[in-house]
Amino acid sequence: MTTPTQFADSVMNTYARLPVAFERGQGAWLYDSNEEQYLDAISGIGVVGLGHAHPAVTRTIQEQAGKLLHTSNLYHITAQSTLAQELTSITGMSKAFFCNSGAEANEAAIKLARLYGNERHIDQPQILVMERAFHGRTLATLSASGNRKIQAGFEPLVRGFVRAPLNDIDALFHVAKNNKNIVAILFETIQGEGGVHLADTAYLEAVRTLCDVQNWLMMLDEVHSGNGRTGKYFAYQHSRIQPDVVVTAKGLGNGIPIGVMLTNDKTSTLFKPGHHGSTFGGNPFACTVAQTVVKTLFNDRLIERAATLGERMLSGLQAKLEGADYIVDIRGKLATHKKF
Ligand code: PLP
């Protein structure tokens, strides 16, 4: 292992970093400058789903780098249209807006919800968000997040968020009765940063019904849980609901920055030219790589494999650790979600 002093450098100190740097990766493994091997158990925080140096991704990157990286969104981008078509056919959504990160995808969703509210003449539109939520580090997304630590010092926060506990449908009924300014609900199908808390299927279905009754947009943040990681392309696809908006990023590019907001018929026409944009978002390079990622996930049956491995991991943890007095809970998507 390298010593911490070797890393005293000019990079701003915004992360409590571990004293190691990696030179290369292969599959699930990372190697430091001494060729010491480390298992990348968190895959770059839910990003490198196909593994490091995946041959299909590497090939696409090499080919596309020699063809075309970027044009801007002043022109049509064939790779963007193709990726949008693929993602909408996987989900049954109708359109895609591309950006570069999870926070940006959530920003797009927040802006869309405000536009939706303002068009319905709700002049102070508010969005319901969850306790323990994490939606990103931009001002609007950290204001939507339910973690005081990431907000402290950045006040004034962005207004227009109302918070409720996850999986408590009565709390939402209460808000619906008392607050006529709500226009949307935004939450993670599986909370990641907040501690792997799953939205129950019954809750997802009840929220869908409530949104239909109240005319609220149901917006899901699948930045972390999307792209095949739970045994479905999106975690909400374990249920029968269809959201009005779903956002993802992370695993979509396997390390190439890309984010996307997918919208349905109700929400697809809200943004018009001039409402939102991104210089890099959806460029030919990122979209071509993401196409390869999506294709590989399906062709190599990796989504099914994620389900099998997830089940093995969860049942293994339960078998080994269940009942231990230092264990509070074992949580995961597949198999039985057991609380004890
Ligand atoms: N939403 C969720 C659920 C996340 O887990 C994250 C990142 O961890 C984000 C949004 C923010 O994504 P990014 O770091 O790409 O901006």
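The model is predicted, so local features need pLDDT of at least 70 and side-chain atom pairs count only at pLDDT 80 or more, while totals for chains, interfaces and linings use all residues. Residues are numbered from 1 along each chain as its sequence is written, and side-chain values use heavy atoms, with hydrogens and water left out.

A search of the whole structure finds 6 aromatic pairs, where rings of Phe, Tyr and Trp (its six-membered ring) pair if their centres lie within 6.5 Å; planes under 30 degrees apart count as stacked, over 60 as edge-to-face and the rest as tilted. One of these is formed by Phe-22 and Tyr-38, an edge-to-face pair because the ring centres are 5.1 Å apart and the planes stand at 80°. Phe-22 belongs to strand S1 (residues 22-26) and Tyr-38 to strand S3 (residues 37-39), so this pair ties together parts that are 16 residues apart in sequence. Strands here are DSSP runs (E, at least two residues), numbered from the N terminus. Phe-22 is partly exposed at 36% relative accessibility, whereas Tyr-38, at 17%, is buried; buried means under 20% relative accessible area, exposed over 50%, and partly exposed in between (1.4 Å probe, protein chains only).

Another pair joins Phe-234 and Tyr-236, whose ring centres are 5.8 Å apart with planes at 15°, so the pair is stacked. Phe-234 is buried, with a relative accessible area of 0%, and Tyr-236 is buried at 1%. Together with Tyr-233 and Phe-298, Phe-234 and Tyr-236 form one aromatic cluster.

Technical notes:
Helix = DSSP H or I, 4+ residues; strand = E, 2+ residues; numbered from the N terminus.
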